[in-house]
Amino acid sequence: MLRPEPMTRVLVAGPKDQLEPMIESLYALKLVHLVDHHGEDDVITIGKPLAKAAEVSEQLVRLRSIANILNVAEAKEQEPAEPTADLRQQIVTLEVNLREEDEARKRMESLISDLDRRIESLRPFAILRVPLETYRGYTSLEVLVGRVTEDVIGLEAVAPENEVVAGEGVVAVFVPTASADKVREFLTKFGFAPVDVPQGEGSPANLLAAAESDRQKWSDRLVEIEDRIGTLRAKYAQFVVKAEDVLEVEIEKAEAPLRFAASEHSFVVDGWMPSSRVDDAMRALAGLPGVLVESMPDDESHEEADAPPVLLKHKGAVKRFEFLTKLYSTPSHDEVDPTAFLFLLFPLFFGLMIGDAGYGIVMIILGFVLSSKLKDSPDFADLMRVILYGGVFAYIFGMVLYGEIFGIPFHPPVENPHELSWSALLGYYIPYEPPIHKLEAFGVIDLLLLSVVASVIHLSIGYVVGFVNEIHHNKKHAASRVGWLFVLVGLFAFFAVLGRSHDLAAPVPRVVNFLFFDRPPLVWIPAAGLSLGSMSVPYFSIALIVIGIAILLPTEGGLAPVETISLLANMMSYTRLAGVAVAKGAVALAFNTMLLPLIINEDLFVTTGAVQFNANVAFIILGFVLIFLAHAMVLILGAISASIQAIRLNYVEFFLKFYKGGGTLFSPFGARKRKMEA
Amino acid sequence: MADGLTAMAVAVTLAGSAIATAWAEKAVGAAAVGAMAENEKLFGRGIVFMVLPETIVLFGFAMAFLLLGKVG
């Protein structure tokens, strides 16, 4: 679970006449991740595509043009299509039918757009009611026709000789050529925008009517054609999708030799497959005469560029967390796959930050419903499943650790005994005292110290895994992880001594003391220390940090002592667990406090703790609606911030201690992603 | 008097660190979205860089809380 699937390198060699059957077998196997041959050699070059490749790709091009005309773009679930023998014939027939319709459609569309232009140009002249030939054929006259924004007045001052025909927003001015320029300038005052005189003779109104009736005729035709294409689409869409699927598979097979090495008479296929499946592959390929299969398990002796692909092997719930690992980077083949740690730690951190039984339940339900409904987008379904697991921890922490449901605690904080609580609301004292109250200063200190404990556990795992990753590669790097671990424990010892109870007979009633600080082995740390101002740093801490730095200096270089500060910053970073938990609790409480007066009599509640409902039912309903909306918002914002913070602790604080990533995902020949979602 | 000053110190601490975080995240966030527009695969890295400055406000939160403990 912590390592990717071991890989075995396979070489398949054989005579060229076995190339096609071999490709078929490999494709059916879906087990071999091909390593492309780059053909640096003169004798052994890159293979040539199978003979049928050209034909298949031509058919695919035709089919795609058909799909384009039919506008086939969606259709979900499809079973793997069976190759049909007369595929080619069917494509040709369909293409002939469709091409005709498509051309007719294009013709109609272009005619209609021509007519649209003509109608547009005739419209101003129809308003002026002067036959079109009137505008043309003068030698000494200039005709200025155009749209105006206001009526033209005072033209006589510019051109005493003129003839004006005006309609609504349109004007035609007939003036001697000599004064044309002046008139043009004059007309601009009225927003004059010239238009061209359209071709044709006679009454523009009649011409306009004729054009409009033509347009109507052609657009009726267009509708008919589109109907026919629609019928074809309904009939053939499924076929087009399947055929495209079949052809894409054919092409992938036909072009596979481009990834192989080939000599004149033989071929060699190079690839990786999961070691556990090598026998299956051997059996499947053994039937082909003359084909040799050679396999050698990965012995880590390869160059980095030649590294095997990575197949993550998780099952069930852990598999849901793979996307979080991949979001960062695909693990490299020779390092520990951190998905299992994410599976354990992400929901734990998430739950600590949400820490509310009510929100927990809602997240469990929403996560379950959405992850089972949204099969189409696997990543989103995985995310919802992750939220579900987080919700489980939120519920547990909400019930056991914080005692809080929908932002209302079981009991009021000690400092504010009249604040809202479930015990007061229900009129029944809940017989359980949760150990941490988010709204009490005492509880928050407890949470902050618990965050420090979480940081130490989390970071230690990171350093241990880092050590395991490096021990076979670089002993120096592995040793530096040990050094860091010393520094980490040294820093932690300081907090442990600071937070522990001074008198074990009367321990501080904090969860962190009960679980960690007042227990062995932490209680054994000698408290004697060096006084720095008001603080006392235990000699034990100093010793560990000095040992750590002594290990780090030769392994990490002279800057290591400065870097220990960044480790302290890493540890402080975990206080976000406490920060988000308190902030989210406080926001929920704020909404409850603001909106509750709509439902019950607040004064009475605060002074006596008695619950008396508002006399106005409308206010009660409004109150519930608003409270619902407010909590929905807190829930969504809380889920977003808690998941971002939880993943950040893993990505930044945790992964950087050991994880490199940069692997190549195992994608075997034959395993196709459905590209054509038709 | 001392309590009042401490309470103001709490406010200044939290406000200052929150503004610093917002300022830093503004720049990082804009760059991250830009990078993501080029290559969607950078989402994971982007979100990590984006939330890096939140540590600043956490320091502020921790300090503010410790200070708050001194208010009578």
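Predicted model: local features only at pLDDT ≥ 70, side-chain atom pairs only at ≥ 80, totals over all residues.
Domain bounds here come from an automatic or database domain assignment.

View 1. Residues are numbered from 1 along each chain as its sequence is written, with chains lettered from A and ligands numbered from 1 in the order in which they are written. Chain A is assigned domain 1 (1–47 + 260–310 + 667–678), domain 2 (112–213), domain 3 (315–434 + 578–662) and domain 4 (437–573). The centres of domain 1 and domain 4 of chain A, taken over C-alpha atoms, are 50 Å apart.

View 2. Chain A has 20 helices and 14 strands. These are DSSP runs numbered from the N terminus: helices are H or I, at least four residues, and strands are E, at least two. The radius of gyration, taken over C-alpha atoms, is 40 Å for chain A, well over the 26 Å that the globule rule gives for 678 residues, so chain A is more spread out than a compact globule. That rule is 2.2 Å times the number of residues to the power 0.38. The C-alpha trace of chain A spans about 120 × 90 × 55 Å along its principal axes.

**View 3. Where chain A touches chain B.** Here 15 residues of chain A are in contact with 15 residues of chain B; contact means C-beta atoms, placed from the backbone, within 7 Å. On the chain A side, helices 8, 13, 17, 18 and 20 each supply at least two residues. Helix 20 of chain A gives the largest share, four residues.

**View 4. The loop at A:Lys30.** A:Lys30 sits between helix 1 (19–29) and strand 2 (33–34) of chain A. Its phi is near 55°, a positive value in a residue other than glycine. A:Lys30 is partly exposed, with 14 other C-beta atoms within 10 Å. The count uses C-beta atoms placed from the backbone: 20 or more others within 10 Å is buried, 12 or fewer exposed, and in between partly exposed.

**View 5. The loop at A:Phe406.** A:Phe406 lies between strand 11 (404–405) and strand 12 (408–409) of chain A. A:Phe406 also has a positive phi, about 50°. With 20 C-beta neighbours inside 10 Å, A:Phe406 counts as buried.

**View 6. A cis peptide bond.** The bond joining A:Pro520 and A:Pro521 is cis, with omega about 5°. A:Pro521 is in the loop between helix 15 (511–517) and strand 13 (529–532) of chain A. Most peptide bonds are trans.

Note on methods. Contact = placed C-beta atoms within 7 Å.
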